[in-house]
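Subject: Structure for you to look at

Hello,

Here is the structure I promised to pass on, with the sequence alongside. Please open it first, and then read my notes below.

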Amino acid sequence: MNSNDLLQDLLTGTLSETDASDSSDEDDQFIKEPPTKITRIENFVEETVPQYSDAVFQEHFRMCRRVVDFIIGYFAQSAYKAASIGGRDKVSNEKAILLSLWYLANTETFRQVADRFNVSLSSAHRCLVRVITFLTSIKHEYIVWPCKNEAKHIGEEFEKKQGIKNVIGAIDGCHIRINKPKLNQDSYVNRKDVYCGEPGSLHDARLLRKSTLYAKAAENEDIFYNVFVGRLGISMS
């Protein structure tokens, strides 16, 4: 069929059944092509992680295996546990916890983490948000001030490790790198390029004096029971 004949058929709506059939077949073939499968690392959680020694496991996840297993079990009983979304297979509770801990403990990008744990970027993000929300929901159960008996035990354990008596804790500043905001970037950078709780450069000692811990200690010195240690420049008095 030459171009003139084709144009005439299109204008008159008399395209031959054969041509129409061929066009339809081509469309069906295009639509029915399966999506390209994204190649990722497979069975990292199922096969590789169980083979880690306890020491290697703790190096990677920054927690011992016993504590991680406890967190997985607690998470599985919570309202934040893994669930199927849109008919897709759910990410297991174990994988959700390990993925989140790996992201927090290492310097890999989200793309690398998603590849390692064989999930999509969106699934990796949902796992991280769900796990972080879960952990913050139970923080009050574990981040607590020790009672006198607990403080005594902590002091004894500290002495065993460091040879210093009557110490229940050590304190110092913790620098956490963040992305600077678009506006007033200089106000959010201190001498070590991190935000310290309020705009501007802030010394560790001043930050401590502005904390609730300092206020409580000023009202009741007995709160420490024994002694806190810190580097020069940090004082509770």
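Let me start at a loop: Asn-166 sits between H10 and strand S1 (167-171), where helices (H or I, at least four residues) and strands (E, at least two) are DSSP runs, numbered from the N terminus. The phi of Asn-166 is near 60 degrees, a positive value in a residue other than glycine. With 45% relative accessibility, Asn-166 counts as partly exposed; buried means under 20% relative accessible area, exposed over 50%, and partly exposed in between (1.4 Å probe, protein chains only). Arg-62 also has a positive phi, of about 65 degrees, although it is not a glycine. Arg-62 belongs to the loop between H4 and H5, and its 57% relative accessibility makes it exposed.

Some ground rules before the rest. This is a predicted model, in which local features need pLDDT of at least 70 and side-chain atom pairs count only at pLDDT 80 or more, while totals for chains, interfaces and linings use all residues. Residues are numbered from 1 along each chain as its sequence is written, and side-chain values use heavy atoms, with hydrogens and water left out.

The pLDDT, which is the predictor's confidence in each residue from 0 to 100, averages 76 over the chain, and 64% of the residues score at least 70. Among the elements of the chain, H5 has the highest mean pLDDT (96) and helix H2 (residues 17-32) the lowest (51). Residues 14-18 have a pLDDT below 50, and beyond near neighbours in sequence this stretch has four contacts in the model; a contact means heavy atoms within 4.5 Å. Residues 192-196 are also below 50, with 13 contacts beyond near neighbours in sequence. Where pLDDT is low, the predicted coordinates should not be read in detail.

The overall picture

The chain has twelve helices and two strands, in the order α-α-α-α-α-α-α-α-α-α-β-α-α-β along the sequence. Of its 237 residues, 24% are buried. Among contacts with a separation of 6 or more, 52% are between residues 24 or more positions apart. The accessible surface comes to about 17300 Å², with 52% of it belonging to carbon and sulfur atoms; accessible areas come from the Shrake-Rupley method with a 1.4 Å probe, and for residues only the protein chains shown count as cover.

The core

A nonpolar core here is a set of buried Ala, Val, Leu, Ile, Met, Phe, Trp, Tyr and Cys residues joined through side-chain atoms within 4.5 Å. The largest one has 26 residues, and Phe-61, Ile-97, Leu-98 and Phe-117 touch the most other members. Two or more residues each come from helix H3 (44-48), helix H4 (54-61), helix H5 (65-76), helix H6 (93-105), helix H7 (110-116) and helix H8 (121-137). H6 gives the largest share, six residues. What does Phe-61 touch, not counting residues up to four places away in sequence? Its partners are Val-49, Tyr-52, Leu-98, Leu-101, Trp-102 and Ala-105.

Salt bridges and a surface patch

There are five salt bridges, each being a side-chain nitrogen of Lys or Arg within 4 Å of a carboxyl oxygen of Asp or Glu. One of them joins Asp-54 and Arg-65, with the closest N and O atoms 3.3 Å apart. This pair links distant parts of the chain, since Asp-54 is in helix H4 and Arg-65 in helix H5, eleven residues apart. Asp-54 is exposed, at 55% relative accessible area, whereas Arg-65 is partly exposed, at 21%.

Another salt bridge brings together the side chains of Glu-108 and Arg-116 (2.8 Å, N to O). Glu-157 pairs with Lys-160, the closest N and O atoms being 3.3 Å apart. These two are separated by about one helical turn because they are three residues apart in helix H10 (residues 148-162). Glu-157 is partly exposed at 29% relative accessibility, and Lys-160 is exposed at 64%.

Finally, Phe-70, Tyr-142 and Ile-143 form a nonpolar surface patch with about 370 Å² of accessible area together. Patches are made of residues with over 30% relative accessible area and no salt bridge, with like charges joined within 9 Å and nonpolar side chains (Val, Leu, Ile, Met, Phe, Trp, Tyr) within 5 Å. Phe-70 is in helix H5 and is partly exposed, at 47% relative accessibility.

Best wishes
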